[in-house]
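Please consult the sequence and structure shown here alongside the text.

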Amino acid sequence: MTRTNPSAASKHTEKRPRLGLALGAGAARGMAHLGVLQALEEAGLAPDVVAGTSIGALVGGMYAAGKLDRLTEVALGLDWKQIARYFVEISFPRSGLIEGNKLTALLAEIVGEVELTELPLPFRAVTTNLMTGEEVVISDGDLVEAIRASIAVPGIFTPARRGDDLLVDGGLVNPVPVSVCRTMGAERIIAVDLNYGRVKDTRARNSTVKEKSALASQRPNFDAGQIFEWLERNTKQFDIELPNPLKAWMERHALPNVFDVLGNTLGIIESQIAATRLQVDKPDLLIQPNVGDIRFMDFVHAGEMIEEGRRAAKEALGQWKENGSELPDARSPKNASRPKEERRGV
């Protein structure tokens, strides 16, 4: 058996900076994270630690567990009917519109029961203490429960209880968790900010106005009216009829639905906080997919967002090279594989 020279291994460790990946908040826009991770892998960049906020925690947690392919498959298969099944529940909890049981069941089906401390790649989920406003970084316990706490958008999802704390979306305090990666020991950090492009005239997507309009016209028609038709069909067995005033209100297409109102409110807060924090605590490489025009629940556009994530990551990496900077933790692509699912038992 060939043994590794400890001194040589030590030198290699010293030469290679510890790389952290900070995945930001952004609801449905988070599907762009999938494309970013694909591009980083193709470039031979494999993080040593990952931190995620909200949808960034969902994607980052699945990545750390070695389930990125399965998550991508689910995302690409989503249509409005499936979105309604996962996000619309026939109950109205006092502290949020959605209890989140169906979504957590889906995540548990993908990843199984796994503790954060058992993951092959160190991972942290960022949340907010609802009562104190403090940032709470989850480093142990069940992975799905940690993700559920981090994605608990106030008013939409009910808060998650962890001990005596009530936890909600981490985007309220740390939308792009660069600082968390630093506390995990990262020396170089790649961050992904999903708030870029929320202001319409900041930058056009990589296409002309005509091309963008044509692309928008090809998007599936996803609206509240379809969700309520689905709900009505699926509640007849319970003798539940949706009130006509409620249906009429939800079908006023000129007005945003409740998910957009609450989601956009949080998005505005997140974008302001992220802009400030990224100026103070700058990552070594900032990737900003232009997905600001994607609405809170627009998971049906996952394919488009994945491609935009890939494009933005490749563009950022290209500019990094052009500036003569050394890529953080560059490895050969064949050696930069994503985390594999941990085998248990013999």
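In strand β8, V168 stands opposite T128. The model is a predicted one, in which local features need pLDDT of at least 70 and side-chain atom pairs count only at pLDDT 80 or more, while totals for chains, interfaces and linings use all residues. Residues are numbered from 1 along each chain as its sequence is written, and side-chain values use heavy atoms, with hydrogens and water left out.

**Strand pairing**
- Strand β4 (residues 123-129) and strand β8 (residues 165-169) run antiparallel and are joined by three bridges.
- Strands are DSSP runs of E with at least two residues, helices are runs of H or I with at least four, and both are numbered from the N terminus; two strands pair if DSSP finds at least two bridges between them.
- Strand β7 (residues 160-162) is also antiparallel to β8, again with three bridges.
- R162 has D165 of β8 as its bridge partner.
- Two residues separate β7 from β8 in a hairpin, and G163 in the turn has a positive phi of about 65°.

**Helix crossing**
- Helix α6 (residues 101-111) and helix α7 (residues 143-150) have axes that come within 10 Å and cross at roughly 145°; axes are lines fitted to C-alpha atoms over the stretch in contact, with angles from 0 to 180 degrees between N-to-C directions.
- T104, L107, A108 and V111 of α6 meet L143, V144, I147 and R148 of α7, contact meaning heavy atoms within 4.5 Å.
- This contact comprises six nonpolar, one polar and one charged residues.

**Cavities**
- Five cavities of 30 Å³ or more are present; a cavity is a set of points on a 1 Å grid over the protein atoms alone where a 1.4 Å probe fits but cannot get out, and lining residues have an atom within 4 Å of a point.
- The largest cavity holds about 310 Å³ of space, volume being the space filled by probe spheres set on the points.
- It is lined by 21 residues, of which I55, L58, F87, L103 and F299 are the closest to its centre.
- Helix α6 gives the most to this lining, with four residues.
- The lining of the largest cavity has 19 nonpolar, one polar and one charged residues.

Terms used: Ala, Val, Leu, Ile, Met, Phe, Trp, Tyr, Cys and Pro count as nonpolar, Asp, Glu, Lys and Arg as charged, and the others, Gly among them, as polar. On a 1 Å grid over the protein atoms alone, a cavity is a set of points where a 1.4 Å probe fits but cannot get out, and a pocket is an open set with protein on both sides within 12 Å along at least five of seven lines; lining residues have an atom within 4 Å of a point.
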